[in-house]
Amino acid sequence: MSSMICLASREHRAFLIRGNDVVVASKRYVRGLRRKPVNVLIPEDKAEQVVRKERKKKKKGEDDEAEAAAAAAERPKHGGFVKGKTEEQPTAKHAHLSAGRDQVDGLRFERAFPGDKRLARLVSISRSRTFREHQGKILLEGRRLICDALVAGANPQMVFFSTVDRLRELPLDKLRRATLVKVKFEDIKLWSDVVAPQGVIAIFSRPDSSRLNFANTGHSVPLSLICDNVRDPGNLGTILRCAAAAGCNNVLLTKGCVDTWEPKVLRAAMGAHFRLPIYPNLDWDVIENHLPKSVTVHVADNYGWISTSHSQSNVCYEDYDSDSDCEAEGLSLPRVDAKLYHESWAQSPTALVIGGETHGLSIESVQLAEKTAGHRLFIPVVPGVDSLNSAMAASILLFEGRKQLLRLRQSRKWNSAEGQFS
């Protein structure tokens, strides 16, 4: 021990010594001791007592194990394991309560189980135009759009909702034959196309316009709308909404137009699909079958005009420009007179053709206008401004046509009251 203390003191001094700006590094020697546990020596008079205590503890442990084994062996004789009983009773009780809760005003609904992919499968497939046409199913989202479809008489097949309150917002009496599935709001938000989903998505059978019930037929005017190769979903939806607001008789869509049941078209139309008849994917040969016999067809040629002044005499018009090869094929271009939109052009059953922004009007539409003594309608704007898009032009022309037809109807009623008209 004295040698270790001496060594430690020397190491401390070596660490403090400096010589010629050189620090002498000290070394520490650590001695590790390994000790073995010491055996406890029990006095001879107490050794027997310790042995007895150890034997009693061992015997008590063996008795406890034997009792546990005997209890486990007796459990099957009394109607099964205790764990089975505890699970069986709550399950039956839960099933009874679940059956009572899974009803809304007597209308039963299902709860989507974990891993249920019906919503994902139907939503992904319903977004395909091929599926909508072949399978005859469409997807509607939102309370207002679904209510409009149900009121018009559309056939619902399956409705997904997040809460019972959302389901109660729909006319439940029209959902008796539909399958109702309650899902998590996160699932609806995952498959929804809108930023703030309302928590309800429905799958309907593809409606037939001839079988739907339209409520606003009493406010309609003899005005039809023909969409010629309109390919933008937002424009087509807005055009349909304007047609419904203007009280058109029907809307005819030629081949090449975007599908009317596409989700973007449905959102932009705001329920117009269920307020007036819409006939999609028509050839020009059959379009006349959906129009009155005495109809006059006008074309909205809002892409080829130049406004030079506010005076009507100074307005210049460009000839109809077509991207087809009619001249090369030896066909003559139709000649249709131009007219400003606010002039008198809707004096009889009228049809208005709106062309797409990419390709404009087709030759067939202008030929139909020439055949029925129609006009090319122009909307003048200030110089240097690009032409209006198809949706804006349709809204202006449709409401102008409605105003002229209503004025004509009122004048005829006035003359009829005086006995000049029968």
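Which residues of H9 are buried? In this helix they are Pro233, Asn235, Leu236, Gly237, Ile239, Leu240, Cys242, Ala243 and Ala246, where buried means under 20% relative accessible area, exposed means over 50%, and partly exposed lies in between (1.4 Å probe, protein chains only). Helices (H or I, at least four residues) and strands (E, at least two) are DSSP runs, numbered from the N terminus.

Before going further, please keep in mind that this is a predicted model, in which local features need pLDDT of at least 70 and side-chain atom pairs count only at pLDDT 80 or more, while totals for chains, interfaces and linings use all residues. Residues are numbered from 1 along each chain as its sequence is written, and side-chain values use heavy atoms, with hydrogens and water left out.

## The chain as a whole

The secondary structure of the chain comes to 13 helices and 18 strands. Of its 422 residues, 37% count as buried. The chain exposes about 27000 Å², and carbon and sulfur atoms supply 51% of that area; accessible areas come from the Shrake-Rupley method with a 1.4 Å probe, and for residues only the protein chains shown count as cover. Among contacts (heavy atoms within 4.5 Å) between residues at least 6 apart in sequence, 79% join residues at least 24 apart.

## Helix H9 and its surroundings

Back to H9, then. This helix covers residues 233-246, has 14 residues and reaches 20 Å from its first C-alpha to its last, close to the 20 Å expected at 1.5 Å a residue. The expected span is 1.5 Å times one less than the number of residues. Just after the helix, Gly247 takes a positive phi of about 75°.

Not counting residues up to four places away in sequence, Ala268 touches Gly234, Gly237, Thr238 and Arg241. Ala268 itself is partly exposed, with a relative accessible area of 21%.

## Strand S17 and its partners

What are the bridge partners in S17 of Leu225 and Thr296? For Leu225 the partner is Leu352, and for Thr296 the partner is Thr350. S17 (residues 350-355) is mostly covered, as six of its six residues are buried. Thr350, Leu352 and Ile354 point one way from the strand, Ala351, Val353 and Gly355 point the other way, and all are buried. Strand S10 (residues 223-228) runs parallel to S17 and is joined to it by six bridges. S13 also runs parallel to S17, with five bridges between them. Two strands pair if DSSP finds at least two bridges between them.

Thr296 is found in S13 (residues 296-300) and is buried, with a relative accessible area of 15%. Its side chain makes a polar contact with the side chain of Ser348 (3.4 Å). Such a contact is a pair of N or O atoms within 3.5 Å; within protein, one must be able to donate a hydrogen and the other to accept it, and residues adjacent in sequence count only if both atoms are side-chain atoms. Leaving aside neighbours within four places in sequence, the contacts of Thr296 include Pro349, Thr372 and Gly374.

## A second sheet

An open sheet of five strands has the order S5-S8-S7-S9-S6, with mixed pairing. S5 (110-111) and S6 (137-141) stand at the edges, each with a single partner strand, so one side of each is left without a neighbour in the sheet. Within this sheet, S7 (residues 156-161) and S8 (residues 179-182) run parallel and are joined by four bridges. Val159 has Leu180 as its bridge partner in S8.

## Cysteines and a loop residue

The structure holds zero disulfides (pairs of cysteine sulfur atoms within 2.5 Å). Cys227 is in no disulfide, and the nearest cysteine sulfur, that of Cys257, is 5.7 Å away. Cys227 is buried at 0% relative accessible area, and Cys257 counts as buried at 5%.

Asp337 sits in the loop between strand S15 (316-317) and strand S16 (338-340). With 57% relative accessibility, Asp337 counts as exposed. Not counting residues up to four places away in sequence, Asp337 touches His375 and Arg376.

Two pairs that are separated in sequence are set out here.

| Pair | Apart in sequence | C-alpha to C-alpha |
|---|---|---|
| Ala268 and Gly237 | 31 residues | 4.5 Å |
| Asp337 and His375 | 38 residues | 5.3 Å |
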